Each structure stands twice: as structure tokens, then as C-alpha cells.
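Hi,

Here is the structure I said I would pass on. Have a look at it first, and then read on for what turned up.

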Amino acid sequence: MKIRLPLYLLFSYLIFSTPIQAQDPVFSQFFITPMQLNPAFAGNTIAPRISINYRTQWIWPGSTNTYQTYAASYGQFFEPLNSSIGLMVETDNAGEGVYKTNRVNAFYGYRLKINDGLFIKSGIDIGFAQNSLDWNQLVFLDQIDPVEGIVNPSDEARFDNISRTYGTVGAGLLAYGKKFYAGFGAKHLNTPNEALTVISDNLNTGLPMRFSAQAGGQFTLQKGNKKTLGSFLSPNVTYIQQGEFAQLNAGAYIGYGSFFGGIWYRHAFTNSDAAIFLIGAEFDIFRIGYSYDFTVSGLAASS
């Protein structure tokens with residue numbers, strides 16, 4: 001039996017996008033890495049699936065020290081067990097390594113068949129993360145000479161701990177059929193402490209839980225055959241909230257033959273955030289795409 005292993009590559013360049021707090025990145029093309037939002041998406045395709053994402057945030061001509069995010073994930077469903085597994089590895093690199101976060105999450109999902117056209121799936125994820133600070137790259141006020149620049153050693157006391165490792169737990173539910181899906185996910189149920197130092201009891205209350213709801217579908221516009229791919233329309237929407245910050249992302253992408261593209265709008269409630277564009281192509285089991293966020297908020301004018 002031939003096993004097809006789809007591989008999805010997405011290169012995202014986010015211009016002035018607003019993150020949901022610094023600790024949890026969310027890719028604009030959330031449907032490419034759905035396990036990041038809801039563990040019930042683990043292994044939710046017929047064949048095993050591998051996804052690779054790269055994101056550069058806040059770039060403009062001449063910019064340096066941008067935020068970069070790397071992610072790779074794998075998911076597979078085992079029909080005899082009605083179960084699926086998944087694995088996701090992420091790295092956030094802020095300021096060219098000044099502050100870095102590495103995450104590893106393992107996923108498990110169980111599928112319950114309601115009827116021939118409806119399934120309900122539950123999922124959990126357990127992960128570990130490590131935050132680290134490169135103290136040697138920090139520049140303090142007492143190091144700066146008005147004429148010579150940065151020439152002085154600093155008297156600033158180094159933190160006792162410049163890295164922290166912590167565990168995190170998440171859960172989710174998903175209902176889906178042949179043409180639609182709808183789900184709900186929760187992350188950081190244990191509200192882990194990620195702080196490197198204790199500044200105040202009020203500032204060390206733990207990582208806020210993140211809640212997300214998502215829905216979407218895929219509708220065939222023209223059926224394909226053995227020689228050519230068909231066409232489809234796939235609308236989707238997600239709502240994400242963590243602490244006091246929230247965003248709504250809605251739009252759709254369309255596929256025609258080997259090519260696909262789409263447009264979305266992200267609203268951060270405190271401001272109109274960005275229009276999101278996607279273009280890509282499919283080659284056998286491979287899909288590769290490029291995503292660009294065009295800021296429509298006041299942040300664009302401030303540049």
C-alpha cells in the first residue's frame with residue numbers, strides 16, 4: 001500500500017501585526033497549523049501530514065532584529081484505534097536571539113463516529129517550553145557614552161536565572177463532516193509561570209489561558225480527475241482570546257488546479273489590524289505558500 005505524506009510549507013511575512021501577548025504566536029494561516037489552536041485537529045487528514053512554517057514579523061526597508069517564528073508539525077490518524085497523534089516544535093526568536101522561546105508539544109485525539117457524515121473528536125496536548133535571555137546582548141543606560149557610544153561596562157545586576165522551563169496542558173473538541181468543521185480549544189490550562197524573575201506578585205500570576213473557536217469548510221466547485229486537479233472554495237474563521245487580548249480572523253481561499261490563493265481580514269477589537277493575502281501552488285503531495293499581512297491599523301502610519 002502506498003502511503004501519501006502531504007508536506008505543507010508556508011513562508012509568512014507579517015508587517016506590523018499585533019500578537020496575542022508575546023508568549024503565544026498565532027500564524028495568519030491558522031488552518032495550516034491547526035494543532036496550534038486546537039489539539040483535536042491532530043491527525044485530521046486521511047494520510048499523515050507534515051507542515052513547516054516560517055514567519056518574519058515587523059519588517060520594513062532597513063529593519064533589523066525582527067521577530068521570527070519557526071514551526072514544524074506532524075500528525076497521523078490510526079483508523080483501527082480511532083485515535084490520532086501529533087507532534088509540534090516551535091521556536092520564537094526575538095531581537096536576533098536576545099529573548100528566545102522553544103516549545104515542544106505532543107498531541108492525542110480520539111474520534112467518535114456519530115453517523116456516516118458526522119464525527120466528534122476530542123484532543124489533548126502536553127508540552128514543555130523554555131524561555132531564555134541572552135544577557136550579553138542587552139544594552140543598559142550606564143553603558144552608553146554621549147560621544148563614543150556603547151563603550152562602558154554595565155553595573156546592572158544579572159538575573160539569577162536567565163532561562164525557565166515549564167510544562168503546559170491543553171484540550172479541545174472538534175465536530176466535522178465531509179464539507180465542514182467547527183471546534184473549540186483551550187491552551188495553558190495549568191497557567192504556568194514563565195517569568196525569569198519575580199518583580200511583583202501581581203505580575204507573576206502565570207501564563208493566561210488561551211481560548212479559541214474555529215469553523216470552516218471546503219466546497220468543490222469543479223471535480224478533478226486522474227490527470228488534473230479540480231477547484232474548490234474554503235471559507236474559515238477563528239476567534240482567539242488570551243488574557244485581555246483577542247482577535248477575529250475571517251476569510252477564504254480558493255484552489256484552481258495546481259494553484260491556490262486567498263484573502264482574510266484580522267480584527268484585534270482594539271483596532272482594525274490587517275488584510276492577509278495568500279498565494280501558493282501544489283505539486284503532487286507538496287504544497288508551498290507565501291502569506292503577507294498588509295497592516296490597515298495606525299501602526300502602518302507610525303512607520
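Start with Trp264, which touches Gln29, Phe31, Asn236, Asn249, Ala250, Gly251, Ala252, Tyr253, Ala274, Ala275, Ile276 and Leu278, leaving aside residues up to four places away in sequence. Bear in mind that this is a predicted model.

Trp264 also belongs to the largest nonpolar core, which has 24 residues. Together with Phe31, Leu174, Tyr181 and Tyr253, Trp264 is in the group that touches the most other members. Which elements give two or more residues to this core? They are β9 (163–176), β13 (231–242), β15 (259–267) and β16 (272–283). There is another core apart from that one, made of five residues, and Val98, Trp135, Phe140 and Leu196 are among them.

Next, Met88. You'll find Met88 in strand β4 (residues 83–94). With a relative accessible area of 3%, Met88 falls under the 20% cut-off, so it counts as buried. Its contacts, again without residues up to four places away in sequence, are Thr33, Gln36, Ala71, Ala72, Ser73, Arg103, Val104, Asn105 and Phe107. From Met88 to Ser51 is 37 residues in sequence, while their C-alpha atoms are 9.2 Å apart in space.

Now for the surface. Phe78, Leu81, Ile85, Tyr108, Tyr110, Leu112, Ile114, Ile120, Ile124 and Leu173 make a nonpolar patch of about 910 Å². Is Ile120 exposed or partly exposed? Its relative accessibility is 36%, which lies between 20% and 50%, so Ile120 counts as partly exposed.

His188 is not a glycine, yet has a positive phi of about 60°. His188 sits in the loop between β10 (180–187) and β11 (210–217), and is buried, at 4% relative accessible area. Asp284 has a positive phi too, near 55°, and is likewise a residue other than glycine. Where is Asp284? Look in the loop between β16 and β17 (286–295). Buried or exposed? Asp284 has a relative accessibility of 56%, which is over the 50% cut-off, so this one counts as exposed. In short, His188 is a buried loop residue with positive phi, whereas Asp284 is an exposed one.

Cheers

Technical notes. Residues numbered from 1 in each chain as written. Predicted model: local features only at pLDDT ≥ 70, side-chain atom pairs only at ≥ 80, totals over all residues. Heavy atoms only, no water. Core = buried A, V, L, I, M, F, W, Y, C linked by side-chain atoms within 4.5 Å. Buried < 20%, exposed > 50% of the residue type's maximum accessible area, 1.4 Å probe, protein only. Helix = DSSP H or I, 4+ residues; strand = E, 2+ residues; numbered from the N terminus. Contact = heavy atoms within 4.5 Å. Patch = residues over 30% accessible without salt bridge, like charges linked within 9 Å, V, L, I, M, F, W, Y side chains within 5 Å. Areas by Shrake-Rupley, 256 points an atom, 1.4 Å probe, with all protein chains shown as cover. Salt bridge = Lys/Arg side-chain N within 4 Å of Asp/Glu carboxyl O.
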